Amino acid sequence: MSSGNLADAGVRARFDLSGRVAVITGGGGLLGAQHAHAIAEMGGTPVLIDIDTRHAQETAERVSNKYGVPAVALAADITQPESILGTVRQVTKRFGQIDILINNAARNPKQEQLKGANEGSSRLEEFSLTSWNEDLAVGLTGAFLCSRLIGQDMAKRGRGVILNIASDLGVIAPDQRIYRRADLPDHQQPVKPVSYSVVKHGLIGLTRYLATYWAEHGIRVNALSPGGVYTGQDQEFVARLTSLIPLGRMARQDEYKAAVVFLVSDASSYMTGTNMIMDGGRTVW
């Protein structure tokens with residue numbers, strides 16, 4: 001965050017991220033890549049961390065080439081404090097500090113992946129403890145650990161921004177009807193796992209807790225709750241989901257970038273503890 005007088009800055013200047021370093025967890029994922037592009041486009045330096053850096057490294061290279069910023073990808077297991085601390089040391093050694101943390105990592109296997117991995121069904125009655133523990137470890141415990149370990153340093157410096165990527169399903173329950181298959185009986189129908197809702201609701205709660213806990217230390221904490229992103233899903237599923245959305249469509253992959261920039265920049269300097277819902281209006285109905 002800028003230490004200058006924001007009242008003297010123009011509107012465009014408040015979106016500028018020049019000189020700021022942003023750690024993005026789950027950097028190898030679909031939205032992680034978009035967050036990196038958003039940060040870099042406004043002059044910031046994205047650091048993409050993931051347990052498997054192959055996709056994160058590809059994104060970092062594309063971002064560096066396109067925007068001329070020193071984007072990097074680093075390996076880290078965000079469920080392990082020592083792994084996070086090791087990554088933080090690498091980042092601070094290279095860039096000096098971390099100004100922004102985007103808790104984006106999530107474990108969201110498809111229903112067929114759950115079955116293929118012998119983890120049981122996605123249905124509540126058969127959802128395995130293994131899947132529950134792993135989903136919460138990455139999506140919620142990982143966000144807690146990264147916020148605690150990185151946020152402590154932000155608090156010492158008196159400035160910083162944390163953004164938690166939640167979901168519209170952190171505000172409403174999933175409509176399980178959109179996942180139904182005509183060829184299966186009721187007790188075998190795929191559903192959105194309970195862990196997904198718990199993680200995303202939990203991230204919103206974590207946002208509010210941290211926002212008040214660290215407010216006096218100059219740290220702002222907000223959440224972004226995106227809706228579904230179109231990635232070539234089955235058209236029957238798309239039709240069912242879009243019938244629940246007032247705007248009548250799913251989001252484009254790049255449609256959350258401006259919101260991310262707003263939330264991590266000085267443009268939102270008087271905003272903390274808020275969950276910004278960006279879902280095409282789904283939660284309004």
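Let's start with helix 8, residues 235–242, where Phe-237, Val-238, Leu-241 and Thr-242 are buried. Buried here means under 20% relative accessible area, exposed is over 50%, and partly exposed lies in between, using a 1.4 Å probe and protein chains only. Seen down the helix axis, those buried residues fall within an arc of 120°, so they line one face of helix 8. The arc is taken from the directions from the helix axis to the C-beta atoms. Helices (H or I, at least four residues) and strands (E, at least two) are DSSP runs, numbered from the N terminus.

A word on the source: this is a predicted model, where local features need pLDDT of at least 70 and side-chain atom pairs count only at pLDDT 80 or more, while totals for chains, interfaces and linings use all residues. Residues are numbered from 1 along each chain as its sequence is written, and side-chain values use heavy atoms, with hydrogens and water left out.

Staying with helix 8, what caps its N-terminal end? That is Asp-234, with a side-chain oxygen 3.0 Å from the backbone nitrogen of Glu-236. For polar contacts, the rule is a pair of N or O atoms within 3.5 Å; within protein, one must be able to donate a hydrogen and the other to accept it, and residues adjacent in sequence count only if both atoms are side-chain atoms.

Now please find Asn-104, in the loop between strand 4 (100–103) and helix 5 (111–116). Is Asn-104 buried or exposed? At 10% relative accessibility, Asn-104 counts as buried. A polar atom of the Asn-104 side chain lies 3.2 Å from the backbone oxygen of Gly-26. Leaving out residues up to four places away in sequence, Asn-104 touches several others, among them Ile-24, Leu-31, His-35 and Ile-165; contact means heavy atoms within 4.5 Å.

On to the rings. Rings of Phe, Tyr and Trp (its six-membered ring) pair if their centres lie within 6.5 Å; planes under 30 degrees apart count as stacked, over 60 as edge-to-face and the rest as tilted. By that rule there are three aromatic pairs. In one of them, Tyr-213 and Trp-214 have ring centres 5.8 Å apart and planes at 70°, so the pair is edge-to-face. Ring pairs link Tyr-209, Tyr-213 and Trp-214 into a cluster, and Trp-214 is buried at 8% relative accessibility. Elsewhere, Lys-192 lies over the face of Tyr-196, 4.3 Å from the ring centre. The test there is NZ of Lys or CZ of Arg within 6 Å of the ring centre and within 35 degrees of the ring normal.

Last topic: salt bridges, meaning a side-chain nitrogen of Lys or Arg within 4 Å of a carboxyl oxygen of Asp or Glu. The count comes to 14. Lys-257 and Glu-41 form one at 3.3 Å, N to O. Lys-257 lies in helix 9 (residues 257–264) and Glu-41 in helix 2 (residues 30–41), so the pair ties together parts that are 216 residues apart in sequence. Lys-257 is buried, at 18%, whereas Glu-41 is partly exposed, at 47%.

Arg-157 and Asp-153 form another, at 3.4 Å, N to O. These two are four residues apart in helix 6 (residues 129–157), about one helical turn.

Finally, Glu-255 bridges to Arg-252, the closest N and O atoms being 3.3 Å apart. Salt bridges with shared partners join Arg-249, Arg-252, Asp-254 and Glu-255 into one network.
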